[in-house]
Amino acid sequence: MENQYFTSDELKVKNRAFLMGDAVKVSFFVRNGKLIIDEECYFFLMASMRKMRLNIPLTYTLEFFQTLFHKDVIEGKGIQNGIINFQVFRNNDEITLAKSSVSYFYEVTEAEDILAVQPRLLELDLIKEINVNNNLLSNIRVHCPENIYAGIYAQENDLDDVILLNPNKRIARTTSGNLLFLEGNVIKVPKQTEGAYISPLMENLVTFLHKNNLADIQEHEIIAFESQKAEEILMISDEKGIFSVGKIRNKTFESSRFTEMVESWKGSF
């Protein structure tokens, strides 16, 4: 491929997402031609912007995003089922960064049903060369070089994803989502203080399971070895969807019970 060179103007020099990774990302979900869980996703976006000290425009209301996505995505692009990955970035147009304006960019990935467990079972492994933090910004989707490194590691080792540990060598998450571990009637979920993502999609699922007494939901500090004790493992990614984990190293896992639970959850929408 021929090399391409760009001037500062062509690179939109005010775009700090490009220059410094100064942005946050949240997913919105379209199912059967309608936005779902949109209020939870909106409040997560607002919380993420506040954590990154982004200037929140007065126009950024829930109704603004509902209208935007209905007009441009559902009607404009004819998307009936998909994931909208929405990114807000800071412009470099004020003396102080906290007062700088923001802009947004989004792209849509079509999916058959974003609430369904995808048919392909994932193969994961642990990565020990790097770890992820467990501070205030670890729970939101911001620029993360650890994700890039781990994603390349997964590709080079013929894996679908890798399990990232925190500095205490406990399970935080994968590069793209959170893990749920099923043992008996108990679903163990890594705590957000361990470095897990905040996930409106996952929170909606576990709230449904808890309210309907379909499982005992427990937040845990989970050491790496405990992944081998689980009967089933579910990976929930707001960015990509819902997947069953089929294998970690030499251990294989079933997927029927989590699939049944997710089917029950789908029926509630």
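Predicted model: local features only at pLDDT ≥ 70, side-chain atom pairs only at ≥ 80, totals over all residues.
Trainee: How do I read empty space in a structure?

Mentor: Rolling a probe the size of a water molecule over the atoms shows where space is left empty. Here, the largest pocket holds about 530 Å³.

Trainee: Which residues lie nearest the centre of the largest pocket?

Mentor: K25, V142, N147, Y197 and E239. The lining has 23 residues in total.

Trainee: Which elements give two or more residues to that lining?

Mentor: They are β1 (23-31), β6 (141-142), α4 (145-156) and β12 (232-237). β1 gives the most, with three residues.

Trainee: How does the lining of the largest pocket divide by class?

Mentor: Eight residues are nonpolar, 10 are polar and five are charged.

Trainee: What is the volume of the second largest pocket, and which residues lie nearest its centre?

Mentor: Its volume is about 270 Å³. L137, S138, V142, H143 and C144 lie nearest the centre, out of 14 lining residues. By class, that lining has seven nonpolar, five polar and two charged residues. V142 is listed nearest the centre of the largest pocket and nearest the centre of the second largest pocket.

Trainee: Is C144 buried or exposed?

Mentor: The cut-off for buried is under 20% relative accessible area. C144 is buried because its relative accessibility is 13%. C41 is buried too, at 0%.

Definitions and conventions
Residues numbered from 1 in each chain as written. Heavy atoms only, no water. Buried < 20%, exposed > 50% of the residue type's maximum accessible area, 1.4 Å probe, protein only. 1 Å grid on protein atoms, 1.4 Å probe; cavity = no way out; pocket = protein on both sides within 12 Å on 5 of 7 lines; lining within 4 Å. Points joined across faces, edges and corners; volume = space filled by probe spheres on them. Helix = DSSP H or I, 4+ residues; strand = E, 2+ residues; numbered from the N terminus. Nonpolar A, V, L, I, M, F, W, Y, C, P; charged D, E, K, R; others polar.
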